[in-house]
Amino acid sequence: MENYLKPTAFFDYDKPEVKAWIDQQLEGVPNEPVEQVKALYLAVRDSVQYNPYVFQTDPNTLSASYALKSRESYCIPKAVLLGAAARYIGIPSRLGLADVRNHLSSPKLIEWLRSDIFRMHGFIELYLNGQWVKATPAFNKQLCALMKVEPLEFDGVNDSVFQEFTEDGEAHMEYINDHGVFDDVPFDFIVDGVRSAYGHLFEADGKPARVDGSLEQDVTSNP
């Protein structure tokens with residue numbers, strides 16, 4: 001379990017600003033692992049805006065501290081932030097990766113990806129009460145309201161992945177390929193997977209082209 005508890009360049013809970021943020025989220029929360037993780041889950045889910053357009057190949061952008069500093073990120077860094085917070089309070093965590101088919105997205109995002117399959121979707125697994133439990137703090141509450149999807153909850157006992165259906169009963173998201181779990185962020189594996197799926201997004205220098213905007217802006221501009 002040691003590897004699932006230590007800080008790394010990605011799970012960087014040893015940085016003062018990350019420690020301070022975690023401590024702030026736990027003020028007034030009972031000193032009980034499940035209750036603490038539930039509070040941290042909500043903090044990560046709702047205080048960092050989900051924005052898939054910000055993906056970059058700079059390793060620093062996949063760290064917990066960067067997600068916290070930028071306040072907008074995508075599924076992997078948000079999962080890492082929750083995992084780092086869990087490690088800080090002594091709860092083992094590991095990163096899970098999978099490919100998912102997204103049935104609810106913006107036309108701009110689908111056009112940008114040229115696919116409804118999202119490669120390298122990230123979630124976190126937490127070791128609580130003698131078992132690994134999945135948590136997915138990707139979609140913030142405000143975005144879920146715009147997309148007519150109930151925010152994904154986490155009770156610390158049951159796996160929390162993605163809602164299968166929207167409020168209207170339409171298909172939302174399904175997992176189609178499991179890449180396994182990792183004690184640290186497999187940076188090269190992630191970038192290679194993204195590049196192989198979306199080569200058109202990368203410029204001649206090997207870096208992804210920057211895109212202005214966010215998924216929330218997509219949804220509000222095309223209700």
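Reader: Where does P59 lie?

Author: Happy to start there. In this predicted model, P59 lies in the loop that runs between β1 (49-50) and α3 (64-70).

Reader: Why is P59 called partly exposed?

Author: P59 has a relative accessible area of 37%. Buried means under 20% and exposed means over 50%. The value for P59 falls in between, so P59 counts as partly exposed.

Reader: Which residues is P59 in contact with, leaving aside its neighbours within four places in sequence?

Author: They are F10 and F187. Contact here requires heavy atoms within 4.5 Å. P59 and F187 are 128 residues apart along the chain, and their C-alpha atoms are separated by 6.8 Å.

Reader: What makes T136 buried?

Author: Its relative accessibility is 2%. The cut-off for buried is under 20%, so T136 counts as buried. T136 sits in the loop between β5 (131-135) and α6 (141-146). Beyond its neighbours within four places in sequence, T136 has contacts that include Y41, H121, F123, L152 and Y175.

Reader: How do you know that T136 makes a polar contact with S160?

Author: A polar atom of the T136 side chain lies 2.8 Å from the backbone oxygen of S160. A polar contact needs a pair of N or O atoms within 3.5 Å, one able to donate a hydrogen and the other to accept it. The T136–S160 pair has a distance that meets this limit, so it can be listed as a polar contact.

Reader: Let's turn to the helices. What describes the packing of α1 with α2?

Author: Two packed helices are described by the angle between their axes and the distance between the axes. For α1 (residues 16-25) and α2 (residues 33-47), the angle is about 115° and the axes are 9 Å apart. The crossing of α1 past α2 is right-handed.

Reader: Which residues of α1 and α2 meet, and how do they divide into nonpolar, polar and charged?

Author: From α1 come W21, I22 and Q25, which meet A39, L40, A43, V44 and S47 of α2. The residues of this contact divide into six nonpolar, two polar and no charged.

Reader: How do you know that the reach of α2 is close to what is expected?

Author: α2 has 15 residues, and from its first C-alpha to its last it reaches 21 Å. At 1.5 Å a residue, 21 Å is expected, so the reach is close to the expected span.

Reader: What caps the N-terminal end of α2?

Author: E32 does: one of its side-chain oxygens lies 3.1 Å from the backbone nitrogen of V34. V34 is itself buried, as are Y41 and R45, among others in α2. What covers the buried residues of α2 includes α1, α4 (75-88) and β4 (117-128).

Reader: What is the phi of R114?

Author: R114 is not a glycine, although its phi is positive, about 60°. Most residues other than glycine have a negative phi. R114 is in the loop between α5 (107-113) and β4. K148, also not a glycine, has a positive phi of about 60°, and K148 is found in the loop between α6 and β6 (173-182).

Reader: Why is R114 called exposed, and why is K148 called partly exposed?

Author: R114 has 64% relative accessibility, and exposed means over 50%, so R114 counts as exposed. K148 has a relative accessible area of 48%, which lies between 20% and 50%, so K148 is partly exposed.

Note on methods:
Residues are numbered from 1 along each chain as its sequence is written. This is a predicted model: local features need pLDDT of at least 70, side-chain atom pairs count only at pLDDT 80 or more; totals for chains, interfaces and linings use all residues. Side-chain values use heavy atoms; hydrogens and water are left out. Axes are lines fitted to C-alpha atoms, for helices over the stretch in contact, and angles run from 0 to 180 degrees between N-to-C directions. Helices (H or I, at least four residues) and strands (E, at least two) are DSSP runs, numbered from the N terminus. A crossing is left-handed if the near helix is turned anticlockwise from the far one by less than a right angle, and right-handed if clockwise. Ala, Val, Leu, Ile, Met, Phe, Trp, Tyr, Cys and Pro count as nonpolar, Asp, Glu, Lys and Arg as charged, and the others, Gly among them, as polar. Buried means under 20% relative accessible area, exposed over 50%, partly exposed in between (1.4 Å probe, protein chains only).
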